[in-house]
Amino acid sequence: MKEWVNMETLKYNEVWIAQRADPYVYRHVDGNYYFTASLPEYDGIALRKADSLEALAQATEVMIWKKHETGPMSYHIWAPELYCIDGRWYIYFAAAEKEDVWKLRPYVLECMGQNPMEDGWAEKGMLQCADDDEFSFRAFSLDVTIFENKGKHFCIWAEKVGVGKQISNLYIAEMESPIKLKTVQELLSTPDYDWERIGFWVNEGPSVIKKNGKIFVTYSASDTGVNYCIGMLSINENADLLDPGQWEKKRYPVLKSDESRGIYGPGHNSFTTDLQGNDIMVFHARTEREIVGNPLYNPNRHAMLMKLEWNKEGEPVFHF
């Protein structure tokens with residue numbers, strides 16, 4: 001008997017899910033896809049579930065957590081990411097306080113059951129740094145992403161530092177548990193180049209893809225308008241990931257606005273695979289060059305899909 005393969009027809013580099021910034025897709029071991037993102041109102045965390053990327057666009061969105069009225073986790077609910085770690089579901093997200101709207105810190109939710117769409121979520125508080133770490137999460141911190149390598153879990157996030165002009169860097173640490181870091185932060189990347197310093201000096205929104213014996217970290221740079229773009233770091237999977245000197249940083253962005261395609265400010269991506277096993281980048285971008293009002297509060301950052309290619313050096317190639 002002929003075995004039928006579930007196929008999907010995806011459209012690339014155009015609006016996939018409208019008005020969803022910082023899109024994150026997680027494909028579970030059972031094959032199901034989960035989608036979450038920053039909502040335009042920045043007021044909570046919603047999940048979608050489907051058996052394909054194509055179906056996610058029409059899937060019902062379920063609000064699984066709402067912001068507090070005051071105090072911690074009451075403002076700017078940003079960039080949630082969903083993981084299943086050691087059989088438990090977790091969501092990492094950034095949030096501020098209504099009384100101090102730029103006091104961004106990373107927080108953790110843990111699902112109390114095995115169904116993240118229906119079971120309750122417990123607030124685990126801020127992501128904890130290592131006991132001897134005097135620096136992490138003391139200032140504007142966000143965009144936590146988690147990945148596994150050689151049986152260890154690592155965390156990469158963005159945090160602002162500096163006296164006077166605040167600079168957003170990327171940091172990395174090994175994890176002790178899903179809610180605590182094991183090691184002191186290591187500086188992974190700082191905005192070295194001119195294309196990372198337009199509007200603001202920014203490295204943020206890290207995302208990880210592993211292939212061909214290497215680990216690749218994409219990240220977003222500059223302000224959130226048309227200058228927003230994607231850079232990339234890489235390292236051998238057998239190297240010491242906590243040694244910044246072993247990471248290689250691309251001199252130029254790997255993806256930026258393309259006027260000819262009408263795609264502006266691509267950034268804050270995640271990675272997944274389609275039903276055929278192709279590597280897919282999920283990212284947000286705008287379809288208009290001129291932004292009405294503050295770019296941060298303009299809702300027209302849309303989730304899009306891009307099919308990755310790989311060059312002869314074993315590196316991902318991003319193009320519209």
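Visitor: How many salt bridges are there?
Guide: The count comes to 15 salt bridges, where a salt bridge is a side-chain nitrogen of Lys or Arg within 4 Å of a carboxyl oxygen of Asp or Glu. Note that this is a predicted model: local features need pLDDT of at least 70, side-chain atom pairs count only at pLDDT 80 or more, and totals for chains, interfaces and linings use all residues. Residues are numbered from 1 along each chain as its sequence is written, and side-chain values use heavy atoms, with hydrogens and water left out.
Visitor: OK, which side chain does E61 meet in a salt bridge?
Guide: That of R20, at 2.8 Å from N to O. E61 lies in the loop between α1 (53-56) and β4 (62-66) and R20 in the segment before β1 (21-27), so the pair ties together parts 41 residues apart in sequence. Helices (H or I, at least four residues) and strands (E, at least two) are DSSP runs, numbered from the N terminus.
Visitor: Is R20 buried or exposed?
Guide: R20 is buried, with a relative accessible area of 13%, while E61 is partly exposed at 29%. Buried means under 20% relative accessible area, exposed over 50%, and partly exposed in between (1.4 Å probe, protein chains only).
Visitor: And what does D43 form with K66?
Guide: A salt bridge, with the closest N and O atoms 3.2 Å apart. D43 is in the loop between β2 (33-38) and β3 (44-50) and K66 is in strand β4, so this pair links parts that are 23 residues apart in sequence. D43 counts as buried at 16% relative accessibility, and K66 as partly exposed at 47%.
Visitor: Which residue does K182 pair with?
Guide: K182 forms a salt bridge with E174, and their closest N and O atoms are 3.7 Å apart. Salt bridges that share partners also join R20, R48 and E61 into one network.
Visitor: New topic. Where does S38 lie?
Guide: In strand β2. S38 is buried, at 2% relative accessibility.
Visitor: What does its side chain make with the side chain of D22?
Guide: The side chain of S38 makes a polar contact with that of D22 at 2.5 Å. A polar contact is a pair of N or O atoms within 3.5 Å; within protein, one must be able to donate a hydrogen and the other to accept it, and residues adjacent in sequence count only if both atoms are side-chain atoms. The S38 side chain also reaches the backbone nitrogen of A79 at 2.7 Å.
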